[in-house]
Structures are given as C-alpha cells and as structure tokens.
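Please read the following note with the sequence and the model open beside it. Its points go through selected helices and then some backbone features.

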Amino acid sequence: MAPQNTGTAPHTGTAPRYAAIDCGTNSIRLLISEVREDGTLRELNRDNIIVRLGQGVDATGRFADEALGRVEDALEIYADRMVEYGVRDVMMGATSATRDASNREEFFEITRRLLGRVREGAVAEVISGEQEARLSFRGAVMDLPQTSADSLDTTCVIDLGGGSTEFVVGGTQAYSADMGCVRLTERHLQTVPPKESEISDAQATVAQLLADVEQHVDLSSVTRVVGVAGTMTTLCALAQELESYEPEKIHMHTLPLARLREVAMNLVPLTPQQRMEFGPMHPGRADVIGGGALVVEAFTRRFEELGLTDITISEKDILDGILAEVIDRAR
C-alpha cells in the first residue's frame with residue numbers, strides 16, 4: 001500500500017534534516033524534519049505503510065518471506081524519499097516482532113542495504129521494551145499543556161502496538177507487556193467474527209498481563225493518561241464520528257475513558273469488512289483492531305477504578321522520540 005506523504009518541497013536550504021523510522025509489528029513509519037537555527041523543528045514528511053512484519057511470528061518464531069518483502073518495498077520508498085529530502089542521518093527502531101524472530105538477520109540485511117544509501121553503516125537498531133516505552137513517552141508528551149495538577153511525573157503514556165503495549169509513567173517507570181493487537185488477534189481471535197469464548201480467553205490474558213504491568217509500574221500515582229499509536233488514534237477518530245481520518249482533530253483530543261471503551265468494544269464482534277464501513281478505519285488495521293480494543297477495555301476500567309475519567313490522544317509517539325534521539329546524537 002502506498003504511503004500517505006505529508007511532505008513539502010525537497011531540500012533547497014542549509015538547515016540540517018534528519019529522519020526517524022519506526023518498524024513495529026504491524027506498520028513501518030517515516031518522519032523527516034529539519035532543525036531551524038533557533039533549534040525548533042519543522043516537520044517535512046510523515047508516512048505510514050502497513051507491512052504486517054509480525055505476520056505469524058508468534059506461531060512460527062520467524063518472519064514470513066512475504067512480510068520481509070513488504071518491508072523491503074516500503075524501505076525502498078523511504079530511502080528514495082530521504083535521499084530526495086537531503087537527510088543527513090537516520091535512526092530506525094525495530095521493536096517487538098524483531099526481538100522475537102529467529103531469522104531477524106535477513107531483516108537487518110535489508111535495512112543495512114537500504115539505509116546505507118542515507119548514511120554509511122546505518123542499520124535498524126533493536127529497541128528493548130523499556131527503551132521503546134521511554135521513546136514513546138518522549139514523543140507523546142511533546143505537545144501536552146503543562147499544569148500543576150497534571151505534571152509529567154504523574155503522566156502515564158500507553159503505546160498500544162501490534163506485538164506489545166508499553167506503559168510508562170513519568171519517563172522513569174516503564175513496562176512492556178506482550179498484548180499488542182496483532183499478537184492477541186492471532187492467539188485468541190481466530191474466528192471471523194470472533195466467538196464469545198475466544199473473546200473471553202483474550203480478556204483473561206489481558207487481565208493477567210495488566211496485573212503484571214502493575215507489578216512494575218505504579219498506576220495508582222497517575223493523574224493523566226495519554227494514548228498513542230494506531231489503535232488509539234483510530235478509536236479517537238471513531239469516537240468523534242469523523243468521516244475520514246483527520247490528524248489535526250485527533251492530536252491532543254481529550255475524551256472520557258468510558259467513551260473510548262464503548263467505541264472499542266463495539267468493534268470487537270464485527271468482521272473486518274464491517275469495520276471498514278467506518279471512514280477512519282485503515283484497511284491494514286481492520287482485521288486486528290479487535291485485539292487492541294480488548295486492551296483498551298482493560299486499562300480504561302482500571303484507571304476508572306483509580307479515579308480517573310479522561311484520556312488524551314497524541315499523534316506523536318515513539319517515532320517522534322526516535323527523531324529526537326537522532327538529533328541529540330548529531331549535536
């Protein structure tokens with residue numbers, strides 16, 4: 001599937017340009033920005049291609065050949081774009097699926113060959129669950145309004161991905177749980193539409209994993225919740241009853257936890273075709289968002305038990321955090 005290019009004209013000035021790539025279980029995304037003289041960033045290009053790298057990894061322990069082919073096709077597009085924009089340096093983070101695959105060296109060879117067109121020696125870097133959480137937090141909170149009641153120290157960022165979900169509080173407490181939308185769908189929601197017994201089994205798995213999260217992260221200290229990544233942003237668009245996906249109406253939008261849960265659970269018993277009837281739904285997400293919805297159900301109920309009522313959705317996430325890392329190392 002062709003990426004959605006949000007870019008501007010190629011490089012004509014002297015401001016340095018940098019790129020970040022996030023390769024997750026479900027999608028591969030590109031962000032290109034330039035650093036102005038005053039140190040602020042100007043976003044030039046943001047792309048997303050669904051590649052389903054994690055296809056079957058949970059069951060087979062290896063990347064499928066067709067999944068690697070989709071990644072290669074996407075990276076060729078991204079390499080062309082980075083060269084066109086005059087990018088000086090790039091960092092590519094490889095997350096949950098890459099940590100699990102036995103043939104990951106095939107994946108790294110693809111990235112080495114294509115990223116090397118931008119910077120000699122560049123290759124995808126494996127990101128640990130805790131590092132993934134820290135980078136997600138850094139990106140997610142960039143545009144949050146700062147108030148005395150909701151400080152960053154008591155903000156919880158939840159990054160719901162394809163293979164895992166990261167919970168990070170204050171940028172210091174972090175835990176990565178193996179309950180992403182692709183992983184839960186492939187393990188439990190195998191019937192289309194899913195059977196009630198499959199949904200119950202998935203809910204039991206999520207409940208146990210959320211209990212594990214609370215062994216590592218103090219959710220009771222949280223005063224503000226921020227949700228990031230495709231499941232969250234899609235649900236936010238549906239909660240607003242948008243006819244199409246509009247990032248500017250999603251970024252920093254705050255809605256009740258109960259409303260997010262309601263929208264999520266309405267999707268669970270539907271087929272992918274029925275989910276596609278909603279305008280903001282991406283074709284590459286329709287078959288797995290049910291798994292993500294069950295994660296949303298669990299954490300929204302838990303935060304309500306702890307006295308919270310709302311969640312803020314951010315379009316910025318680990319991709320923006322990776323870009324900040326690239327710029328930091330260039331200074």
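1. The expected span of a helix is 1.5 Å times one less than its number of residues, and helices (H or I, at least four residues) and strands (E, at least two) are DSSP runs numbered from the N terminus. For helix H13, 13 residues at 1.5 Å a residue should span 18 Å, and the end C-alpha atoms are 19 Å apart, which agrees.

2. A word on the source: this is a predicted model, in which local features need pLDDT of at least 70 and side-chain atom pairs count only at pLDDT 80 or more, while totals for chains, interfaces and linings use all residues. Residues are numbered from 1 along each chain as its sequence is written, and side-chain values use heavy atoms, with hydrogens and water left out.

3. Which residues of H13 are buried (under 20% relative accessible area, against over 50% for exposed and in between for partly exposed, with a 1.4 Å probe and protein chains only)? They are Ile 318, Leu 319, Asp 320, Gly 321, Ile 322, Leu 323, Ala 324, Val 326 and Ile 327. The buried residues of H13 pack against, among others, strands S1, S2, S3 and S4 and helix H5, where contact means heavy atoms within 4.5 Å.

4. Helix H5 (residues 129-140) and helix H13 (residues 318-330) have axes that come within 6 Å and cross at roughly 95°, which makes H5 roughly perpendicular to H13. Here the axes are lines fitted to C-alpha atoms, for helices over the stretch in contact, and angles run from 0 to 180 degrees between N-to-C directions; those under 35 degrees count as roughly parallel, over 145 as roughly antiparallel, 65 to 115 as roughly perpendicular and the rest as oblique. Among the residues that meet are Glu 132, Arg 134 and Arg 138 of H5, and Asp 320, Glu 325 and Asp 328 of H13.

5. The buried residues of H5 include Glu 132, Leu 135, Ser 136 and Phe 137.

6. Helix H2 (residues 65-84) has 20 residues and reaches 29 Å from its first C-alpha to its last, close to the 28 Å expected. Its buried residues include Leu 68, Val 71, Leu 75 and Tyr 78. Seen down the axis of H2, the buried residues fall within an arc of 160°, so they line one face of the helix; the arc is that of the directions from the helix axis to the C-beta atoms. An α-helix has 3.6 residues a turn, so residues three or four places apart point the same way.

7. Some backbone features deserve a check, since most residues other than glycine have a negative phi, and most peptide bonds are trans. Glu 241 has a positive phi of about 60° although it is not a glycine, and it counts as exposed because its relative accessible area is 64%. Met 252, likewise not a glycine, has a positive phi near 70°, and is partly exposed at 21%. The peptide bond from Val 192 to Pro 193 is cis, with omega near -10°, and Pro 193 lies in the loop between helix H6 (181-187) and H7.

8. Where is Asp 201 placed? It is in helix H7 (residues 196-216), and counts as partly exposed at 47% relative accessibility.
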